[in-house]
Amino acid sequence: QVQLVESGGGLVQAGGSLRLSCAASGRTFSTYAMGWFRQAPGKEREFVAGISRSTGNTYYTDSVKGRFTISKDNVKNTVYLQMNSLKPEDTAVYYCAAAFTYSASMVYRSTAGYDDWGQGTQVTVSS
C-alpha cells in the first residue's frame, strides 16, 4: 500500500496555470504507475492523465491533450500534473492514484486499475 497526499489546487482565472503535486510514501514508488482523475459535482470520477511505472509512457483524455502534462519523479516519490490554459470546465476535485504493477510501460486509464487514492485537491477555474 502507498499513501498519497495531493497539493497545489486552488482558484485560478480561465487561461491560467496550476501545478498539482502528489507525494507518495510507503511501498517503493518506482513499482507504481500513476494517474490523475477528477470529479466535478454531480458527475462521475473521470480519468485525466496517466503515466507508466518507469518508461515515461503517458496517456491523456482528449479534453486536456496539449494543455496538461503528467510527470513522475521516482527520486522525490512525487507525481505532478502541470495544467495550462485552464478552462471553467476543468473545475473539479482532482485525485491522484497509484497502480502497483510489474509492467514498466503500462498506463492505466480506468479507476479499477488503481489500488490507492489520495484525498483530493480542489481546482476551481473562474470565467
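## Contacts and overall form

A contact means heavy atoms within 4.5 Å. Among contacts in the protein chain between residues at least 6 apart in sequence, 62% join residues at least 24 apart. The model is predicted: local features need pLDDT of at least 70, side-chain atom pairs count only at pLDDT 80 or more, and totals for chains, interfaces and linings use all residues. Residues are numbered from 1 along each chain as its sequence is written, and side-chain values use heavy atoms, with hydrogens and water left out.

The protein chain holds zero helices and 11 strands; helices (H or I, at least four residues) and strands (E, at least two) are DSSP runs, numbered from the N terminus. The radius of gyration of the protein chain is 13 Å, close to the 14 Å that the globule rule gives for 127 residues, so the chain is as compact as a globular protein of that length. This radius is taken over C-alpha atoms, and the globule rule is 2.2 Å times the number of residues to the power 0.38. The C-alpha trace spans about 40 × 30 × 25 Å along its principal axes.

## Burial

Of the 127 residues in the protein chain, 43% are buried. Buried means under 20% relative accessible area, exposed over 50%, and partly exposed in between (1.4 Å probe, protein chains only).

## Aromatic pairs

Rings of Phe, Tyr and Trp (its six-membered ring) pair if their centres lie within 6.5 Å; planes under 30 degrees apart count as stacked, over 60 as edge-to-face and the rest as tilted. By this rule there are eight aromatic pairs. One of them joins Y32 and F100 edge-to-face, at 5.7 Å centre to centre and with 70° between the planes. Y32 lies in strand 4 (residues 32-39) and F100 in strand 9 (residues 92-100), so this pair ties together parts that are 68 residues apart in sequence. Y32 is buried, with a relative accessible area of 1%, whereas F100 is partly exposed at 29%.

The ring centres of F37 and Y114 are 5.2 Å apart and their planes stand at 85°, so this pair is edge-to-face. F37 belongs to strand 4 and Y114 to the loop between strand 9 and strand 10 (116-117), 77 residues apart. Both F37 and Y114 are buried. One aromatic cluster is formed by F37, F47, Y59, Y108, Y114 and W117.

## Charges over rings

A charge sits over a ring if NZ of Lys or CZ of Arg is within 6 Å of the ring centre and within 35 degrees of the ring normal. R45 lies over the face of Y95, at 3.7 Å from the ring centre. K65 lies over the face of Y59, at 5.7 Å from the ring centre.
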